[in-house]
Amino acid sequence: MRYAYFPGCVSKHGSEELDVATRAVCERLGIELDELAAAPCCGAGDVQEIDPQLSAALNALTLAQAERKGADVLTVCNVCTLSLRQTNELLAADGGARAAAVRALAAAGWSYGGGVNVTQLLWVLWKQVGAARLAEAVTRRLTGVVIAPFYGCQALRPGGAGVGVNADDAADSPAALEDLILACGARAVDYDGRLKCCGWPIAAARDGASATMAARAVRDAVRAGADAIVTPCPLCHTSLEAGQHGALRIVGEELRLPILHLPQLIGLALGCSPAELRLQRHLVSTAPLLARLGLTFA
Amino acid sequence: MPRRTKEQDGGAPPAAAERPAGTVAAAIEVLRFDPQVDREAHWRRYEVELPEGATVLEALMQVQDHQDGSLAFRRSCRHAICGSCGMRINGCARLACNTQVAVVAQEARRRAAQAGAAHAAQPGAGGADAAPAPIRIEPLGNMAVIKDLITDMSEFWQKLRGVQPWLQSLDEHPDPDYERLMSPAGYSVISQALLCVECGCCYSDCCSVEASADFVGPTALAKAFRYAHDSRDDQTHRRLFDLSAEHGIWECTRCYACTQRCPKHLRVRELITQLGGLAYDEGLRTDTGIRRAAAVRSSVLATGRLDQARMTLAATGPLQALSRLPGAAHAAITGKLTLRPPDPVERLEDVQAVARAVEESQTSGDQS
Amino acid sequence: MGTHMIQHDVLIVGAGLAGMRAAIEAAAAGADVALVAKVHPVRSHTCCAQGGINAALGDDDSWEAHMFDTVKGSDYLGDQDAIEAMCKDAPRDIRALEHMGCPFSRFEGGRIAQRPFGGAGFPRTAYAADISGFVLLHTMYEQVVRLGLKVYEEWYVARLVELDGRCAGVVAIDLQTGRPHAMSASAVVLATGPASRCYEGSSNSVDCTADGMGMAYAAGLPLMDMEFVQFHPTGLRNGVLITEGCRGEGGVLLNCNDDRFMCEYAPNKMELASRDVVSRAEATEIAEGRGIEGFIHLDLRPIGAERIRTNLLQVRELSMEIAGVDPCEAPIPIRPTPHYFMGGVKADVNAATPLPGLFAAGEVSCISVHGANRLGGNSLLDATVFGRRAGAAAVACAQENGRRAPVPESAVADLRARIEALAGRDGGERQATIKEELQRLMLADVGIWRDKEALQRAVSAVVDLKERYACVRLQHSGHVYNTDLVQTLETGNLLDVAHCVALGALNREESRGSHARTDFPERDDKSWLRHSLFRRSGDGPACDYAPVTITRHEPEARSY
């Protein structure tokens with residue numbers, strides 16, 4: 001398995017633990033990551049809104065770079081995945097948009113033929129590797145640990161035939177995270193916030209509403225008995241951590257629930273050390289979770 | 001408090017000796033609430049048997065007509081054009097009249113099996129129990145419940161009214177013998193937004209409305225799109241100005257629940273995205289949300305990467321940023337927040353050449 | 001109970017196209033106007049109309065041609081003065097709708113596009129893809145919102161009130177509280193829409209239950225031409241319609257031999273013959289064994305996938321969801337479907353009923369502009385033109401007569417007593433049982449093909465059902481959104497109206513328009529060129545007749 005690895009911005013700056021953990025997990029599972037070091041930010045949904053032509057062109061550049069590497073794109077972020085997939089859809093459907101992107105790429109000496117697929121680590125682990133194979137590779141079963149899966153909106157939505165570009169799992173009843181959690185030997189819980197929004201897109205613009213979304217999701221996970229939340233998206237990760245800061249004001253109780261990046265959870269089960277997975281680099285300490293596994297930060 | 005008299009208990013439909021070919025049997029659970037007698041809502045189970053291809057609405061009507069006349073829900077056209085029968089079926093807002101019983105029964109069974117498997121002590125200890133899981137039906141979300149599946153939509157309607165959803169033109173006295181012209185292309189621009197039946201499904205499941213009750217909501221924004229883009233309307237700028245207010249466009253959290261839910265297949269979030277772009281083009285750039293978008297764009301052009309700290313600062317301005325200082329300080333200590341700028345991507349010159357080419361084609365009016 | 005009195009200059013019952021058009025017109029004239037409707041305005045049945053609205057907009061068209069097509073389509077039972085008024089008003093009325101913001105589909109040059117429709121000699125049906133009624137309804141509601149008009153939403157009007165020989169108002173139940181209210185007005189407009197829910201398999205929305213016709217009949221007003229029920233040629237298995245616009249775009253009808261059988265029945269107009277002709281043709285093909293499992297095939301493939309996707313997108317979706325067929329790939333199974341009442345509350349060219357202060361417009365009324373058979377595209381026009389006229393006339397009436405004595409408390413008490421009686425009964429059937437039996441018998445015995453024996457059976461069956469209805473019991477006596485109560489009251493209206501339909505069909509011993517007697521297959525102008533009238537008398541309708549107004553077109557043989 002070989003992918004053109006698009007790390008995105010946050011995993012390189014601010015949440016470096018994600019990039020490190022991703023590499024650790026992929027190495028153990030035999031997934032080759034050929035990094036797209038020259039690929040620009042996907043636009044985070046913002047550039048798409050105010051400058052759709054620029055967004056299309058920049059994402060087309062990323063796709064062109066992957067094409068030259070002869071591999072599909074693997075990301076570690078919901079927003080990156082959706083942005084790139086939406087660009088693929090736009091270029092395929094809209095001749096004018098395609099022509100404009102082609103012209104822009106040509107200015108930098110690039111071209112994009114259109115055949116590059118975009119996936120993210122979550123789907124590769126669930127489909128290409130598969131829960132069964134993952135379970136076999138597990139050396140440290142996370143027995144007794146209760147994990148609340150937080151998918152993040154843009155992993156699943158818009159999804160399904162006639163609706164949108166995400167078609168990897170059932171948008172309203174996904175199973176991927178639960179299957180992976182089980183494969184690691186942990187238990188998954190259902191809770192109200194599982195498929196809801198973390199509020200990251202409006203963290204700057206409407207921080208009250210944003211924090212409300214995050215705090216409520218975390219509170220519901222705690223009430224369901226979770227020891228931690230796992231999420232495939234670093235932006236959700238950021239918001240779910242930051243949202244706990246003002247939780248007392250928002251939901252009337254203090255919250256200190258660790259938020260794991262997906263490869264950190266998988267990495268622990270594959271036998272990586274907490275230090276290898278940079279588990280000390282969290283706003284909300286992961287120490288209590290590690291303690292349940294008899295681990296420390298070392 | 002008035003007492004109800006002899007209420008028919010939910011009974012099974014007339015038993016047939018054998019089930020006729022081409023029928024579907026299902027169990028449905030409806031969240032009932034009668035404000036006259038109930039302190040809180042409670043689930044009530046019904047068994048139905050219907051012809052193949054029957055919809056959830058047909059199931060509910062069978063219950064109402066032949067089992068339990070106290071069940072209340074809105075319905076009219078039966079074919080997804082009136083928007084009356086919005087309700088949450090298996091947790092997702094849909095129209096009952098174009099949702100097939102067989103499909104959601106299967107969905108309920110699958111979820112029950114998944115839940116059973118996920119909560120098992122051992123991985124792979126599947127063994128989902130064979131009891132058929134019922135289809136669960138409850139009222140739309142983000143609205144107060146009046147009775148059973150009937151919600152109070154007054155805020156929803158009020159928000160729609162608030163976007164002034166009627167044609168506005170300075171030419172108030174057009175010639176009565178001539179229509180205003182509109183090209184087929186002009187019709188095509190609004191043809192998707194026109195299809196909104198105002199059912200409230202998107203509004204029900206909107207994450208922003210849930211977190212901020214005054215958010216105008218996706219329905220009103222879809223309606224606003226329809227008028228902002230109607231070539232006969234000349235109030236686009238003022239409309240976008242109003243939509244850029246506190247509970248307008250920039251409070252949308254892009255959860256895409258609206259696009260996911262819309263029973264008329266409107267890509268609602270995508271319409272909202274276009275409204276945001278239109279606001280930007282109209283020069284309405286004071287909202288923090290749009291300033292953040294502009295900051296992301298600048299950051300990407302400068303380094304090829306998103307610089308979260310700088311972007312937030314640029315968007316919120318120093319005063320608001322100060323108010324977030326305690327959180328930021330904590331973040332800085334753990335190393336999550338850094339004011340060190342990100343390393344630029346390799347071959348940044350390629351990114352910038354592409355960006356320049358895009359800008360040139362925009363300024364030269366060479367739009368695609 | 002100390003509530004404030006509800007009183008308006010003009011009260012409009014029903015907030016569909018006709019009702020809202022009337023309201024807008026009345027408001028424009030400065031009246032204090034309010035709408036009262038049992039569903040939110042945008043839920044009204046108007047939204048189901050797909051195909052379009054007729055007007056002689058084209059340079060090569062004329063209101064005279066439109067009038068002739070309509071008169072011929074009516075099988076010469078339409079009143080020609082009213083038809084003339086409607087066709088003359090049509091172009092300005094359509095343009096007024098457009099000025100209000102209605103988004104019509106357009107020709108290349110930007111003008112309102114028009115397409116061919118059944119029974120028309122010229123393509124004069126303006127449309128918005130296949131959601132014409134829907135966009136009109138929403139446009140009307142937007143104007144109602146803009147004008148800030150008062151809407152009593154989800155109030156069920158249960159009866160009209162007459163005082164001193166005038167209509168004084170109505171009594172309505174606020175469904176949210178279950179409380180009946182007196183609503184007084186100087187002028188009332190009935191715009192309550194259809195009645196086809198007395199038939200099984202109807203195209204109508206669930207709440208099209210003849211309330212306006214039933215109330216007017218109960219108040220002693222005459223219903224007219226009730227035997228003329230239109231069967232729409234192309235309904236899906238559950239009654240939901242596929243628009244005639246499909247045939248206007250080039251869709252064809254095929255029997256089990258893949259033959260375009262319409263050449264046998266209407267060699268000139270083929271699939272675009274008048275609806276009654278096409279429905280009878282289909283019914284004949286099916287009865288003679290050339291159907292496909294009880295259906296006929298509507299093949300849209302000649303139209304082309306792209307045009308289907310632009311102009312007939314709702315059709316495609318309905319076909320896929322309800323029939324499981326993609327019309328781009330395969331023909332759609334359809335059959336004749338009970339759809340529209342040409343008859344209704346008798347009203348004149350200014351929408352005035354015989355009761356001073358009461359007006360009627362839209363499908364609830366019978367003026368008559370549709371006579372024995374309505375052309376597609378003329379219903380939305382009827383609602384628009386006569387909705388406007390009703391609004392204007394209602395304002396004039398209100399201004400002339402001023403505030404009158406309000407609806408008395410006794411009228412409210414009467415309704416309350418009736419409800420309590422329904423609730424307090426021991427034993428008795430569910431309303432649904434009676435309603436479903438009625439619907440089945442109407443389809444079986446008062447359908448497309450009628451004969452004396454079946455019609456007599458139908459009449460006596462309706463009488464039986466009415467007796468059973470007198471003992472019906474409420475399943476629920478709560479006050480909040482008691483839909484069981486509403487449906488029970490609605491069933492009473494359906495029974496009264498069905499009685500008139502069956503009796504009218506029995507009495508009319510000829511075939512004309514949509515009324516086809518196998519025992520009297522010819523049109524008989526000598527004896528039957530007249531409107532039928534039905535007035536309540538004891539337990540059933542007493543029948544009478546009224547002449548047809550003929551101005552320009554003497555009746556001729558009618559063929560397509």
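Biologist: How many bridges join strand 1 to strand 5 in chain B, and do these strands run parallel or antiparallel?
Modeller: There are 3 bridges between strand 1 and strand 5 (residues 135–138) of chain B, and the two run parallel. Two strands pair if DSSP finds at least two bridges between them. Strands (E, at least two residues) and helices (H or I, at least four) are DSSP runs, numbered from the N terminus.

Biologist: Before I go on, what sort of model is this?
Modeller: It is a predicted model, where local features need pLDDT of at least 70 and side-chain atom pairs count only at pLDDT 80 or more, while totals for chains, interfaces and linings use all residues. Residues are numbered from 1 along each chain as its sequence is written, chains are lettered from A and ligands numbered from 1 in the order in which they are written, and side-chain values use heavy atoms, with hydrogens and water left out.

Biologist: Back to strand 1 of chain B, then. What joins it to strand 2?
Modeller: 10 bridges join strand 1 to strand 2 (residues 42–51) of chain B, and these two run antiparallel.

Biologist: Why is strand 1 of chain B called largely enclosed?
Modeller: Because 8 of its 10 residues (residues 23–32) are buried, strand 1 of chain B is largely enclosed by the rest of the structure. Buried means under 20% relative accessible area, exposed means over 50%, and partly exposed is in between (1.4 Å probe, protein chains only).

Biologist: How many residues of helix 1 of chain B are buried?
Modeller: 9 of the 11 residues of helix 1 (residues 56–66) of chain B are buried, so this helix is largely enclosed too. The buried residues include B:Val56, B:Leu60, B:Gln62 and B:Asp65.

Biologist: What about chain B as a whole?
Modeller: Chain B has 14 helices and 7 strands. Of its 368 residues, 56% are buried. Its domain assignment (bounds come from an automatic or database assignment) gives domain 1 (23–138), domain 2 (153–281) and domain 3 (288–365).

Biologist: How far apart are the C-alpha centres of domain 2 and domain 3 of chain B?
Modeller: Those centres lie 29 Å apart. In chain B, 5 residues of domain 2 are in contact with 5 residues of domain 3; contact means heavy atoms within 4.5 Å.

Biologist: Which chains share the most contacts?
Modeller: Of the 2 pairs of chains in contact, chains A and B share the most. No contact joins chain A and chain C, and their closest C-alpha atoms lie 12 Å apart.

Biologist: Which residues do ring pairs link into a cluster?
Modeller: B:Phe156, B:Trp157, B:Tyr203 and C:Tyr141 are linked that way.

Biologist: And what sits over the ring of C:Tyr340?
Modeller: The charged end of C:Arg374 does, 4.0 Å from the ring centre. A charge sits over a ring if NZ of Lys or CZ of Arg is within 6 Å of the ring centre and within 35 degrees of the ring normal.

Biologist: Where is C:His370?
Modeller: C:His370 is in the loop between strand 17 (365–366) and helix 11 (378–401) of chain C. C:His370 is buried, with a relative accessible area of 4%. Not counting residues up to four places away in sequence, C:His370 touches several residues, among them C:Tyr340, C:Ser74 and C:Asp382.

Conventions
Rings of Phe, Tyr and Trp (its six-membered ring) pair if their centres lie within 6.5 Å; planes under 30 degrees apart count as stacked, over 60 as edge-to-face and the rest as tilted.
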